[in-house]
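Hello,

Here is the structure I promised to pass on to you. Please have a look at it first, and then read my notes below.

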Amino acid sequence: MSDQVSPGQGGLVVVGNPGSRRVGLFQDAVRSAGLPAARVLAWRDVLGGRGSFTAGETVRIESPGEDPEVDRLLRGAVEPTRVEGSARWYDTFTAAVRRLGRLADAAGARLLDDPAELAVLFDKRLCHGVLDRAGVSVPSSPTSGPSAAPVSCWDDVRELLAGAGLRRAFVKLAHGSSASGVLAVQTAGPGRVRATTSVEVDGAGRLYNSLRVRTYTSEREVAAVVDTLAPDGLHIERWLPKAAQDGRSADLRVVVVAGRATHAVVRTSASPMTNLHLGGARGDLAAARAAAEAAGGDGWAGALALCERAAACFPGTHCVGVDLLPVTGWRRFAVGEVNAFGDLLPRLTGLPGGGAEGLDTYAAQLAALPGSARAYV
């Protein structure tokens, strides 16, 4: 990349885990832009109360994932593969991000990720409420927004599903990620429940993340899982019938940088969860675009515009990854989630006409910084 990028007089800082894939890919983009390597402020130091900024620095907050010690600091003494502990993770993470915000303000540095917006993005209930109030198409939810009643147990879930007329719904950890703790629930009358999930239950009733998707077919089993998850906070939303590609359900991750949809990937799966680590696979983006155009409605341009409208709800966050749900037939779309750290898509280059052709997600974010010669917004 030959265009000059200007991140500010103080240079770039990335708050992340040294040696992680994410930090490595970002540094690769920085070097390709002809810039000095970003200074890395380790999450271990941040969570230990250490770290500072200087005037003019531009600060990128990166995911704290994939480091066992950082995970322990965030969630407490919980095994890394356990599902429980997401509420403590959220409280610790958001407190640390607020502190980073105060440090940046005091030093005259610029954060690319607004602390208040991150707190919303990492609470599915709050995020859904913000999107819904802004008129962004989202699956209906009885737990949307800050005033929704808390979910304390399976009985609450069952009542909310019945009250909302939902026979198929996703039950999610409010602060979960990577499909951790997600259950795709189907009900068919009293006592007839089926839940598909990656949650594995051991003999003591503890919950673990598994790479194998499984199905629980008794209400007693489903209730036990939900009752264990509930103290961390739960979000419920309608399970939309997804469009298909090659006989597999499909959705998309669309990256929006500085307000513009720049990258997209199709994800397909034989299960309700399309995450790649759970057996999902990358689909055919050209075929998805053609299907959306052929179906009528708002077409492909409308799908991307919906993602941009979702991202516009978080104007202080430089880059987000939008989970876009195509409804059966590819005519309608809804936004499932907006992810603060949804840009880990190695080797994926920008959409034609999106302003980031030939750039990966990290290079696109650098190019979109104010003052960049290649800035496209």
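**A covered strand and its hairpin**

Let me start with strand β15, residues 333-339: seven of its seven residues are buried, so the strand is largely enclosed by the rest of the structure. Please keep in mind throughout that this is a predicted model. The partner of β15 is strand β14 (residues 319-326), and the two run antiparallel, joined by six bridges.

**The chain as a whole**

Stepping back, the chain holds 11 helices and 15 strands. Its radius of gyration is 21 Å, and a compact globule of 377 residues would come out near 21 Å, so the two agree. The C-alpha trace spans about 65 × 50 × 35 Å along its principal axes. Of the 377 residues, 54% count as buried.

The contacts may interest you too. Taking those between residues at least 6 apart in sequence, 63% join residues at least 24 apart. The accessible surface comes to about 15500 Å², and carbon and sulfur atoms account for 51% of that. As for charge, there are 41 positive and 39 negative side chains, with the centres of the two sets 2 Å apart.

Now for another antiparallel pair. Strand β11 (residues 248-257) and β12 are joined in the antiparallel sense over nine bridges, and V254 has A264 in β12 as its bridge partner. This hairpin has two residues between its strands, and A258 takes a positive phi near 50 degrees there.

How much of strand β12 is buried? Nine of the 10 residues in this strand (residues 260-269) are buried, which leaves β12 mostly covered. β12 also runs antiparallel to strand β13 (residues 281-282), to which two bridges join it. In that pairing, R267 has R282 of β13 as its bridge partner.

**The parallel sheet**

Strands of a sheet pair through backbone hydrogen bonds, and they can do so in either a parallel or an antiparallel way. For the parallel case, look at the open sheet of four strands in the order β2-β1-β3-β4. Here β2 (39-42) and β4 (110-111) stand at the edges with a single partner strand each, so one side of each has no neighbour in the sheet. Inside this order, strand β1 (residues 12-16) and strand β3 (residues 58-61) run parallel and are joined by four bridges. One of the bridge pairs is L12 with T58 in β3.

G51 counts as partly exposed, at 30% relative accessibility. Leaving aside neighbours within four places in sequence, G51 is in contact with L41, R99 and L103. For a sense of scale, the C-alpha atoms of G51 and R248 are separated by 46 Å, and these residues are 197 apart along the chain.

**Backbone angles in a loop**

Most residues other than glycine have a negative phi. The loop between β5 (168-173) and β6 (183-187) is where S178 is found, and the phi of S178 is positive, near 55 degrees. A179 is found in the loop between β5 and β6 as well, and although A179 is not a glycine, its phi is positive at about 65 degrees. Is A179 buried or exposed? Buried means under 20% relative accessible area, and A179 has 11%, so A179 is buried.

**Two more residues to look at**

E219 has its place in helix α8 (residues 219-229). This residue is buried, with a relative accessible area of 16%. Not counting residues up to four places away in sequence, E219 touches W154, R158, G191 and V193.

R212 lies in strand β8 (residues 207-216). Which residues does R212 contact, leaving aside neighbours within four places in sequence? They are T197 and S198. The C-alpha atoms of R212 and T197 are separated by 8.5 Å, with the two residues 15 apart along the chain.

Happy to go through any of this with you.

Best wishes

Terms used: Residues numbered from 1 in each chain as written. Predicted model: local features only at pLDDT ≥ 70, side-chain atom pairs only at ≥ 80, totals over all residues. Heavy atoms only, no water. Rg over C-alpha atoms; globule rule 2.2 N^0.38 Å. Buried < 20%, exposed > 50% of the residue type's maximum accessible area, 1.4 Å probe, protein only. Contact = heavy atoms within 4.5 Å. Areas by Shrake-Rupley, 256 points an atom, 1.4 Å probe, with all protein chains shown as cover. Lys, Arg positive; Asp, Glu negative; His and termini not counted. Charge placed at Lys NZ, Arg CZ, Asp CG, Glu CD. Pairing = 2+ DSSP bridges.
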